[in-house]
Amino acid sequence: MAKDLVIHAEDLKKVYQMGQVEVHALAGVSCNIQRGEVVAIMGPSGSGKSTLMNILGCLDLPSSGKYVLDGEPVETLSDDQLADIRNRKVGFIFQSFNLLSRTTALANVELPLRYAGKVPDRRERARGALESVGLGDRMTHRPTELSGGQQQRVAIARALVNNPAIIMADEPTGNLDSKVGKEILELLLTLNRDNGTTLIIVTHDQAIATHAQRIIHLRDGLVEEK
Amino acid sequence: MNIGQSILEALETLNGNKLRSGLTILGIVIGVGAVIAMLAIGQGAQDTITGAISGIGTNLLFVSSGNYLQEVRNPKPLTLGDAQAIGDQFAAPDVLAVAPIIQGRADVTASGQTMSVSVTGTTPQYFVMQNYSLIEGDFLTQDNLQGNASAVVIGPGVADKLFGRRNGIVGESIRINGQPFRIVGILQSKGGGTFGSQDNQVIVPFTTAQTRLIHRSVMNEVDQLYVQVISAQAVPLATDEVKQILRQRHRTPVGVDDFTVFSQADFLSIATTVTGVFTIFLGGIAGISLLVGGIGIMNIMLVSVTERTREIGLRKALGARKRDILIQFLIESSMLSLIGGMIGILLGWLLGFIVGRIAAASGNPFNPAISLNAILLATLFSAAVGLFFGIYPANRAAGLEPVEALRYE
């Protein structure tokens, strides 16, 4: 059972100091996510969902609480160790794609592997990832030469390429029209079904959330029980 | 991350903003170019000057009145008597010959042309010491000297100006300060030297100069003594002998000498010191422009870090460590300065070459010398400038919080 728990968070708190005022972005969030689950995190803006995603994605550390990601306790790690965890265990997909505009799709997908140390078959793995998102014929194109949906596919390939334990998608369809958004969502769900990749989607689109197996509702930094 | 790939990526990034990278590189190009050119010119000047000094012979001593290192009261002038005493075989066995020199300026006139030249009054030994050779005619003779003769040996520059030719002039007469002299010889050209062109001079017998052309307050006063030593090895011995004799004659056995004896080695070491200081001075000024170029790099890298905050955030989200980001930006700034340095070396070489050409065209042959050391120094220094001025921006980039950087608009 414990082996299949990819995320185990206990009483996560995050406090920001805004001048004189202390802001409790997270006021004690606990959650467990099983390997292979599709989980949506929802909530109104200011509810702390971005903060939670940053902490679950190891971009940020909680002020207090316990967080174990894929068997590794995270809250005591140094910056460089966090970078390593992000590289090996987390794949990010952003609302605004965040591709490097100067380089080709292939080079963008390769980027995580370059920070992973010695990976001998880097190019092949990047190719494979691009093919798995249906962009096998667009490898040498630059992001500016691709449509929004294609750019998000490149971003998904980049998130996949290191075989991470979880994929964190922050409003992955927010910048796309509904038809393309649906395709992207389909792709993510297919990857989940075929590879068993754990998928965490941060969104406030109810339509997307209905595809998730479980929804975590946040309000004022706390998990809302339903 | 692989260094070769990082360098490629840095070049790609710099290429993405050609004008900005180009202007930043230009700052370094000018800085390095100026340093290289100035060092080359300084080195060239040193080579030329030391070459000219070496040309005057290793076994000569120059004796002049006064002391350049310490203050001395009422220095006695050197006289013909001093010259004769030093020429004494028994008192100074290491001295081969002595030539007294008296020098001034005068107007020479012939066939309606007038020019101002340097007049030297001396003895026949002088020609041997100076390694002069003749186009035609003879040097001055002992007879000329004893007879107070109105004979003159003229330089080729004087011949050109007054007669328009260098041959067939022996026997012609010219006027020096209005007094008629007969030309007995024409010197071969020696070109420009450290002490002015030797081509525009006339040489007359010491006795004639003393009585008719150059007047000195003390009887038989001479400006300088040229002393030829029997061999280069004997120069220190001969120097001591000359000093002993002059101390006795000038009654300064203790205390400060009222004369100075210079050897070629002394001139060389002075010239080397002076040109060395000159080179450092020029290089230092040029170094300031390199510093300004370095600040340009820092400026542009800071702008670049701000512009690419999101990119840095993304790279960190994908697993880049602090060190990866630091190295990425340091490589970019080093590339800027290294490329600038390489172009700058070419520019410096070109500048040196042009200066050499201008010097040659204006009659002062001069070879700016670019040493391997200067090139290594400039390359290392420019790379160091890139690293030094890149560290602060790179550190700033590396220290960004991933969350904040990703949120940056």
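In which element is the place of Asp324(B)? I looked it up and found Asp324(B) in helix 11 of chain B.

**Entry 1: ground rules**

I am working on a predicted model, in which local features need pLDDT of at least 70, side-chain atom pairs count only at pLDDT 80 or more, and totals for chains, interfaces and linings use all residues. Residues are numbered from 1 along each chain as its sequence is written, and chains are lettered from A and ligands numbered from 1 in the order in which they are written.

I take helices (H or I, at least four residues) and strands (E, at least two) as DSSP runs, numbered from the N terminus.

**Entry 2: Asp324(B)**

I noted that Asp324(B) is partly exposed, because 18 other C-beta atoms lie within 10 Å. The scale I use calls a residue buried at 20 or more other C-beta atoms within 10 Å of its own, exposed at 12 or fewer, and partly exposed in between, with C-beta atoms placed from the backbone. I also checked Ala398(B): it is 74 residues from Asp324(B) in sequence, and the two C-alpha atoms are 8.0 Å apart in space.

**Entry 3: helix 1 of chain B**

I compared the length of helix 1 (residues 3–16) of chain B with expectation. Its 14 residues should span 20 Å at 1.5 Å a residue, and the end C-alpha atoms are 20 Å apart, which agrees. The expected span is 1.5 Å times one less than the number of residues.

Next I listed the buried residues of helix 1 of chain B: Glu9(B), Ala10(B), Thr13(B) and Leu14(B). They lie on the same side of helix 1 of chain B, because they cover an arc of only 140 degrees around the axis. The arc is that of the directions from the helix axis to the C-beta atoms. On the face turned away from the buried side I found the exposed residues Gly4(B), Leu8(B), Glu12(B) and Asn15(B).

What do the buried residues of helix 1 of chain B pack against? I found helix 2 (18–54) and helix 11 (322–361) of chain B. Helix 11 of chain B is also the place of Asp324(B).

**Entry 4: strands of chain B**

I counted two strands as paired if DSSP finds at least two bridges between them. Strand 3 (residues 95–110) and strand 4 (residues 113–122) of chain B pair in the antiparallel sense over nine bridges. Arg105(B) has Ser118(B) in strand 4 of chain B as its bridge partner. This hairpin has two residues between the strands, and Ser111(B) takes a positive phi near 40 degrees.

I followed strand 4 of chain B to strand 9 (residues 201–205) of chain B, where the pairing is parallel over five bridges. Gly121(B) has Val204(B) as its bridge partner there.

Strand 11 (residues 224–229) of chain B pairs in the antiparallel sense with strand 1 (residues 60–65) of chain B over five bridges. Strand 11 of chain B also pairs with strand 3 of chain B, antiparallel over six bridges. I noted Val227(B) opposite Leu61(B), and Gln224(B) opposite Ile101(B).

**Entry 5: chain A**

I found seven helices and 10 strands in chain A. Of its 226 residues, 43% count as buried. A compact globule with 226 residues would have a radius of gyration near 17 Å, and chain A has 17 Å, which agrees. That radius is taken over C-alpha atoms, and the globule rule is 2.2 Å times the number of residues to the power 0.38.

Four strands of chain A form an open antiparallel sheet in the order 2-1-4-5. Strand 2 (21–34) and strand 5 (72–73) of chain A stand at the edges, each with a single partner strand, so one side of each has no neighbour in the sheet. Two bridges join strand 4 (residues 64–69) of chain A to strand 5 of chain A, where Leu69(A) stands opposite Glu72(A).

In helix 4 (residues 122–132) of chain A, Ala126(A), Ala129(A) and Leu130(A) are buried. They line one face of the helix, because they fall within an arc of 100 degrees seen down its axis. Gly134(A) follows helix 4 of chain A and has a positive phi near 80 degrees.

**Entry 6: where the chains touch**

I found 18 residues of chain A in contact with 17 residues of chain B, where contact means C-beta atoms, placed from the backbone, within 7 Å. Helix 2 (79–89) and helix 3 (105–114) of chain A are the elements that give two or more residues to this side of chain A. The largest share, six residues, comes from helix 2 of chain A.

Methods
Two residues are in contact if their C-beta atoms, placed from the backbone, lie within 7 Å.
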